[in-house]
Amino acid sequence: MLEAFDKALTAMAYAGSGLCFFAIVWAGFVLMAEGGSDRGGGSAKTAVVLAVVGLVLVLSAKAVAALLRHGVIPTIPAS
């Protein structure tokens with residue numbers, strides 16, 4: 001069961017990394033399209049920040065699962 005959960009988290013980490021890459025590339029296109037607007041690429045910067053935050057969340061889930069699996073964080077006993 002733990003192995004299947006680890007494989008699912010690994011797949012989500014790969015998918016999150018790919019989506020983050022494409023979001024940053026898309027933000028680059030948006031920044032180029034906005035060009036000389038007064039906002040200074042506000043929506044493109046927001047897209048990059050949100051992509052990186054999403055990637056951090058996905059990778060932190062993988063890290064917490066790895067810490068639980070190796071016993072670094074004690075599990076909560078069932079009552």
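Lys 62 and Asp 6 form a salt bridge in which the closest N and O atoms are 2.8 Å apart, the term standing for a side-chain nitrogen of Lys or Arg within 4 Å of a carboxyl oxygen of Asp or Glu. Because Lys 62 belongs to helix H2 (residues 42-69) and Asp 6 to helix H1, the pair ties together parts that are 56 residues apart in sequence. By this rule the count comes to 1 salt bridge. Side chains of opposite charge can pair when their charged atoms come close. Lys 62 is partly exposed, with a relative accessible area of 24%, and Asp 6 also counts as partly exposed, at 28% relative accessibility; here buried means under 20% relative accessible area, exposed means over 50%, and partly exposed covers what lies in between (1.4 Å probe, protein chains only).

The structure is a predicted model, in which local features need pLDDT of at least 70 and side-chain atom pairs count only at pLDDT 80 or more, whereas totals for chains, interfaces and linings use all residues. Residues are numbered from 1 along each chain as its sequence is written, and side-chain values use heavy atoms, with hydrogens and water left out.

### The two helices

The chain has 2 helices and 0 strands, where helices (H or I, at least four residues) and strands (E, at least two) are DSSP runs, numbered from the N terminus. The 33 residues of H1 should span 48 Å at 1.5 Å a residue, which agrees with the 47 Å between its end C-alpha atoms; the expected span is 1.5 Å times one less than the number of residues in the helix. H2, with 28 residues, reaches 41 Å from its first C-alpha to its last, close to the 40 Å expected at 1.5 Å a residue.

In H1 the buried residues are Leu 9, Ala 13, Gly 16, Cys 20 and Ala 27, and what covers them includes H2. In H2 the buried residues are Ala 44, Ala 51 and Ala 65, and their cover in turn includes H1. Over the chain of 79 residues, 11% count as buried. Of the contacts with a separation of 6 or more, 64% are accounted for by residues 24 or more positions apart, a contact being heavy atoms within 4.5 Å.

| Pair | Separation in sequence | C-alpha to C-alpha distance |
|---|---|---|
| Thr 10 and Leu 59 | 49 residues | 9.0 Å |
| Gly 18 and Leu 55 | 37 residues | 9.4 Å |
| Ser 60 and Ala 13 | 47 residues | 9.5 Å |

Thr 10 is found in helix H1 and is partly exposed, at 25% relative accessibility. Gly 18 is also found in helix H1 and is partly exposed, with a relative accessible area of 26%. Ser 60, by contrast, is found in helix H2, where its relative accessibility of 33% makes it partly exposed.

### The aromatic pair and the nonpolar surface

The count of aromatic pairs comes to 1. This pair is formed by Phe 21 and Phe 22, which are edge-to-face at 5.4 Å centre to centre with 70 degrees between the planes. Under the rule used, rings of Phe, Tyr and Trp (its six-membered ring) pair if their centres lie within 6.5 Å, and planes under 30 degrees apart count as stacked, over 60 as edge-to-face and the rest as tilted. Both Phe 21 and Phe 22 are exposed; Phe 22, which is found in helix H1 (residues 2-34), has a relative accessible area of 57%.

Phe 21 and Phe 22 also belong to a nonpolar surface patch of about 730 Å², made together with Val 25, Trp 26, Phe 29 and Met 32. Patches are made of residues with over 30% relative accessible area and no salt bridge, with like charges joined within 9 Å and nonpolar side chains (Val, Leu, Ile, Met, Phe, Trp, Tyr) within 5 Å. The chain exposes about 6,000 Å², of which carbon and sulfur atoms supply 75%; accessible areas come from the Shrake-Rupley method with a 1.4 Å probe, and for residues only the protein chains shown count as cover.
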